[in-house]
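Here are my notes on the model you sent over.

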Amino acid sequence: MNWEELQQACQNCTRCGLCETRKNVVFGVGNRNADILFIGEGPGEQEDLQGQPFVGPAGKLLDDMLSIIDLDRKANCYIANIVKCRPPHNRDPLETEQDACIDFLREQIGLIQPKIIVCLGRIAAMRLIRPDYRITKEHGQWAQLDGIWTTAIYHPSALLRDVTKRPETFTDLLSIRDKIREINAQV
Ligand code: URA
């Protein structure tokens, strides 16, 4: 699929029950040629209303986090989610909903061909890195998955709820910046 076909397939998707309550499909945003892809769990209320990922309070914090390491959603990264439609009342996306949606994300990854993937929070890490991933213990660690350097950091919503996690996340952000530099130095 090319970008247009993929976007159309997502717009028309009825693979799971979330299509019945969504206002908008939240496809993803950013530079389609970016080296780095950030993946959250699923749209919240604001995202569902606006059709854009991370536009609520967590999104504001994510933009601030990105700017610390010279990233900007409009310029040099791409942002997507494990599921493209809002789970009601912001509950975690069900395994069945993730299963229904994950191929769309895999197609996006295939088109972007990122060199780095950053999972935002536990849900994305458990889906993309390992089902028993422990974000509290393993955040900031790197693994190469299908040739793509992959890590996870705390979800911005978790950082809004618990500011004591922020210093560790700052360290993880610097590690992401270092990984970008390392990769750029190789080309
Ligand atoms: N939380 C997410 O995981 N994704 C969004 O797009 C917004 C909030």
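1. Start with Glu-138 and Arg-130, whose side chains meet in a salt bridge with N to O at 2.9 Å. By salt bridge I mean a side-chain nitrogen of Lys or Arg within 4 Å of a carboxyl oxygen of Asp or Glu. Glu-138 is buried at 14% relative accessible area, while Arg-130 is partly exposed at 33%. Here buried means under 20% relative accessible area, exposed means over 50%, and partly exposed is in between, using a 1.4 Å probe and protein chains only. Asp-132 joins in as well: Arg-130, Asp-132 and Glu-138 are linked in a network of salt bridges.

2. A word on what you're looking at. This is a predicted model, where local features need pLDDT of at least 70, side-chain atom pairs count only at pLDDT 80 or more, and totals for chains, interfaces and linings use all residues. Residues are numbered from 1 along each chain as its sequence is written, and side-chain values use heavy atoms, with hydrogens and water left out.

3. How many salt bridges does the rule give? The count comes to 10. One of them joins Asp-63 and Arg-73, at 3.0 Å from N to O. This pair links distant parts of the chain, 10 residues apart: Asp-63 sits in helix H3 (residues 57–68), and Arg-73 in the loop between H3 and strand E3 (78–81). Helices (H or I, at least four residues) and strands (E, at least two) are DSSP runs, numbered from the N terminus. Arg-73 is buried, with 12% relative accessibility, whereas Asp-63 is partly exposed at 29%.

4. Lys-179 and Glu-182 make another salt bridge, with their closest N and O atoms 3.4 Å apart. Both lie in helix H8 (residues 166–186), three residues apart, or about one turn of the helix. Buried or partly exposed: which is Lys-179? Lys-179 is buried, at 8% relative accessible area, and Glu-182 is partly exposed at 37%.

5. Now the sheet. It is an open one of six strands in the order E1-E3-E2-E4-E6-E5, with mixed pairing. E1 and strand E5 (143–145) stand at the edges with a single partner strand each, so one side of each has no neighbour in the sheet. Two strands pair if DSSP finds at least two bridges between them.

6. Take a closer look at E3. Strand E1 (residues 29–30) pairs with E3 in the antiparallel sense over two bridges, and strand E2 (residues 36–40) pairs with E3 in the parallel sense over four bridges. Ile-79 in E3 has Val-29 opposite and also Phe-38 opposite. In a regular strand the side chains alternate between the two faces of the sheet. In E3, Tyr-78 and Ala-80 point one way, Ile-79 and Asn-81 the other way, and all are buried.

7. Last, the inside. The structure holds one cavity of 30 Å³ or more, and the largest cavity has a volume of about 120 Å³. A cavity is a set of points on a 1 Å grid over the protein atoms alone where a 1.4 Å probe fits but cannot get out, and lining residues have an atom within 4 Å of a point. Grid points are joined across faces, edges and corners, and the volume is the space filled by probe spheres set on the points.

8. What lines the largest cavity? There are 15 lining residues, with Cys-13, Cys-16, Arg-22, Cys-85 and Cys-101 nearest its centre. Helix H4 (residues 95–112) gives the most to this lining, with four residues.

Note on methods. 1 Å grid on protein atoms, 1.4 Å probe; cavity = no way out; pocket = protein on both sides within 12 Å on 5 of 7 lines; lining within 4 Å.
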